[in-house]
Amino acid sequence: MLNSSRNGAKRAGEPVYFTGRPCSKGHFSPRRTDGGACMECEKPLNHALANLWPRSRAEALDLVKDKYFTGRPCKRGHVAPRYTSTHGCVDCLAERRPLKSPPPQAPHLTGEHPPSRGEALRHGVSLYFTGLPCRNGHTSPRYASSGGCVACAKSAAREQKMREPSRREAARRALKNSS
């Protein structure tokens, strides 16, 4: 015998309950304890879902799909897709999985650079900022991999480019002539 109230069904751990009253669309059918939805109203949705996933676990395994849909309710009354790997209901897993609080923000995610090289390496960030000038007087971020100043590296690259334009041009010409 089904419980006649949703709260009673929840306390008893039953997946469905039956009030004896019609739903807003006039169906006299059991309702789901988890959301109060009429089982008859959910049938069109279930038919739509049936076309999206394989109908059996074996078929899902053959098609290398991660979910399948049987159209039958699980132990808790969910008529939802199931995971191929565990046979578990997608809705049951969503209910059991607690809402996770967001992880503490690493400095690089807040738009700031970590204050030390060690912290940058620990967070997997490529730059850090101490606020102290480098030996050339630049107060800019530093590379976590080498500890070198970003401004120094940029100016060195610029100087290198200016010093050896002929080498670059020669390489470009050789590449162009070979093709």
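Modeller: A contact here means heavy atoms within 4.5 Å. The model is a predicted one, in which local features need pLDDT of at least 70 and side-chain atom pairs count only at pLDDT 80 or more, while totals for chains, interfaces and linings use all residues. Residues are numbered from 1 along each chain as its sequence is written, and side-chain values use heavy atoms, with hydrogens and water left out.

Colleague: Of the contacts in the chain with a separation of 6 or more, what percentage is accounted for by residues 24 or more positions apart?

Modeller: Helices (H or I, at least four residues) and strands (E, at least two) are DSSP runs numbered from the N terminus, and the chain has seven helices and six strands. Along the sequence they follow the order α-β-β-α-α-β-β-α-α-β-β-α-α. Among contacts with a separation of 6 or more, the share from residues 24 or more positions apart is 14%.

Colleague: What percentage of the 179 residues in the chain is buried?

Modeller: Buried means under 20% relative accessible area, exposed over 50%, and partly exposed in between, with a 1.4 Å probe and protein chains only. Of the 179 residues in the chain, the buried ones make up 27%.

Colleague: Is Ser-140 buried or exposed?

Modeller: Ser-140 sits in the loop between β5 (127–128) and β6 (142–143). Leaving aside residues up to four places away in sequence, Ser-140 touches Phe-129, Cys-149, Val-150 and Ala-151, and its side chain reaches the backbone nitrogen of Ala-151 at 3.4 Å. Because its relative accessible area is 14%, Ser-140 counts as buried.

Colleague: Which cysteine sulfur is nearest to that of Cys-149, and how many disulfides does the structure hold?

Modeller: At 6% relative accessibility Cys-149 is buried, as is Cys-23 at 10%. A disulfide is a pair of cysteine sulfur atoms within 2.5 Å, and the structure holds zero disulfides. Cys-149 is accordingly in no disulfide, and the nearest cysteine sulfur, 3.9 Å away, is that of Cys-152.

Colleague: Which residues make the nonpolar surface patch of about 280 Å²?

Modeller: Phe-18, in the loop between β1 (16–17) and β2 (31–32), is partly exposed at a relative accessible area of 31%. Patches are made of residues with over 30% relative accessible area and no salt bridge, with like charges joined within 9 Å and nonpolar side chains (Val, Leu, Ile, Met, Phe, Trp, Tyr) within 5 Å; a salt bridge is a side-chain nitrogen of Lys or Arg within 4 Å of a carboxyl oxygen of Asp or Glu. Accessible areas come from the Shrake-Rupley method with a 1.4 Å probe, and for residues only the protein chains shown count as cover. The patch of about 280 Å² is made by Leu-2, Phe-18 and Phe-28.

Methods:
Polar contact = N/O pair within 3.5 Å; in protein donor to acceptor, adjacent residues only side chain to side chain.
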